[in-house]
Amino acid sequence: MFGTGLLKGLGVTLKHLRDTYLDDRERVPSRYEGSIDLGDGERIIRQPIDQEGLLTIQYPEEKRLLPERFRYIPMLIWDTEKGEDRCTACGICAKVCPPQCIWIVRDSDENGKPITRPAEFYIDAAVCMSCSFCAEFCPFDAIKMNHDFELAVYDRYPQLVYDKEELTVPIEYYAALWPTQYAAEQELIRQKEEEERAKAEAKAKAEAEKKAQAAERPKAQRSPEELEALKKKAAERAAARGKSASDEGKGQDEDPEAKKARLEELKRKAAERARQRQQESGE
Ligand code: SF4
Ligand code: SF4
């Protein structure tokens, strides 16, 4: 029917108006309760997830508190404890980036040998689609998604091509932005370190046991008296072997005649078989 869509739209607007009014009434005396005052009239407003209606805020003085999983442009993590970039310039993020907007130049030492550190790192923020693939695939937790969305500039180049310096943030910044994820990662790191420590301790223990066993071995060596007795026994066995060999030798002296007779017999039998075969083939 003509005008139905218009009435439906007005209904939605009226619903939002009512919800907003009721929500405001519920928050009397101030809907700013629980917001973070940044001074100079600026504040970050916490909007509860169950809030109904449309809450208009006075941007840019007022901003919404973004959820932890909000993501915009990636940032590179600087490990303040170690005093180095977490990035090893492995290039995985650049490979998995769907619009291919990451460029990395690996650093090298004084001999020109490549080292695991980026000399340059660029992200074209105009092309980045905030998919977070780079952060998910990075094996070193070196690249994470930033919440900073106020990046408007007049010219795309070079302002929207961020270099390493612009992209790098201290790890504390990341911990404040992503507290739950950071805590989970730290827990994983702690578990891994504990496992490695336990492995190293077990290895050291096994080596110590091995060394102790090796140190105990000389005690198990035989006494001079035992060695003397063993030598005596060995000499007796050798003498007995020598005697039996000489006895066998005697037996062998008589063998040539018998051996010759056996060979003659074998030759005769072979000749007879050959003759028989010849006769059979002649028939
Ligand atoms: S940010 Fe991560 S994935 Fe990308 S090059 Fe650095 S270490 Fe590799
Ligand atoms: S968020 Fe996605 S598009 Fe942006 S740099 Fe990372 S992988 Fe590329």
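Modeller: Let's start with cavities: on a 1 Å grid over the protein atoms alone, a cavity is a set of points where a 1.4 Å probe fits but cannot get out. A molecule sits in one if more than half of its atoms lie within 2 Å of its grid points. Ligand 2 sits in the second largest cavity here.

Biologist: Before we go on, what kind of model is this?

Modeller: It's a predicted model, where local features need pLDDT of at least 70 and side-chain atom pairs count only at pLDDT 80 or more, while totals for chains, interfaces and linings use all residues. Residues are numbered from 1 along each chain as its sequence is written, chains are lettered from A and ligands numbered from 1 in the order written, and side-chain values use heavy atoms, with hydrogens and water left out.

Biologist: Back to the ligand, then. Which residues are closest to ligand 2?

Modeller: A residue counts as near a molecule if one of its heavy atoms lies within 4 Å of it. Ligand 2 is surrounded by 14 residues, with C97, C128, C131, S132 and C134 the closest. Sorted by class, that shell has 12 nonpolar residues, 2 polar and no charged. The nonpolar class is Ala, Val, Leu, Ile, Met, Phe, Trp, Tyr, Cys and Pro; Asp, Glu, Lys and Arg are charged, and the others, Gly among them, are polar.

Biologist: And where does ligand 1 sit?

Modeller: In the largest cavity. It has 13 residues around it, and C87, C90, G91, C93 and C138 come nearest. This shell divides into 11 nonpolar and 2 polar residues, again with no charged ones.

Biologist: S132 was on your list for ligand 2. What should I look for in its backbone, phi included?

Modeller: The general idea is that most residues other than glycine have a negative phi, and most peptide bonds are trans. S132 has a positive phi of about 75 degrees, though it isn't a glycine. You'll find S132 in the loop between strand 7 and helix 3 (133–137); helices (H or I, at least four residues) and strands (E, at least two) are DSSP runs numbered from the N terminus. S132 is also buried, at 9% relative accessible area. Buried means under 20%, exposed over 50%, and partly exposed in between, with a 1.4 Å probe and protein chains only. A89 has a positive phi too, near 60 degrees, and lies in the loop between strand 5 and helix 2 (92–96). A89 is buried at 8%.

Biologist: Which residues does a cis peptide bond join, with omega about -5 degrees?

Modeller: Y157 and P158. P158 is in the loop between strand 8 and strand 9. The bond from Y59 to P60 is cis as well, with omega near 10 degrees, and P60 is in the loop between strand 2 (42–45) and strand 3.

Biologist: Now salt bridges. How many does a search of the whole structure find?

Modeller: The test is a side-chain nitrogen of Lys or Arg within 4 Å of a carboxyl oxygen of Asp or Glu. The search finds 12. Take K164 and D85, whose closest N and O atoms are 3.1 Å apart. K164 is in helix 4 (residues 164–167) and D85 in strand 5 (residues 84–85), so the bridge ties together parts 79 residues apart in sequence. K164 is partly exposed at 22%, whereas D85 is buried at 15%. R156 and D124 also meet in a salt bridge, at 3.4 Å from N to O. There, D124 is buried at 3% and R156 is partly exposed at 37%.

Biologist: Last one: how many aromatic pairs does the structure hold?

Modeller: Rings of Phe, Tyr and Trp (its six-membered ring) pair if their centres lie within 6.5 Å; planes under 30 degrees apart are stacked, over 60 edge-to-face and the rest tilted. The structure holds 3 such pairs. F70 and F149 have ring centres 6.2 Å apart and planes at 75 degrees, so they are edge-to-face. This pair links distant parts of the chain, 79 residues apart. Y174 and Y182 are edge-to-face too, at 5.9 Å and 85 degrees. Y174 is buried at 0%, while Y182 is partly exposed at 22%.

Note on methods: 1 Å grid on protein atoms, 1.4 Å probe; cavity = no way out; pocket = protein on both sides within 12 Å on 5 of 7 lines; lining within 4 Å.
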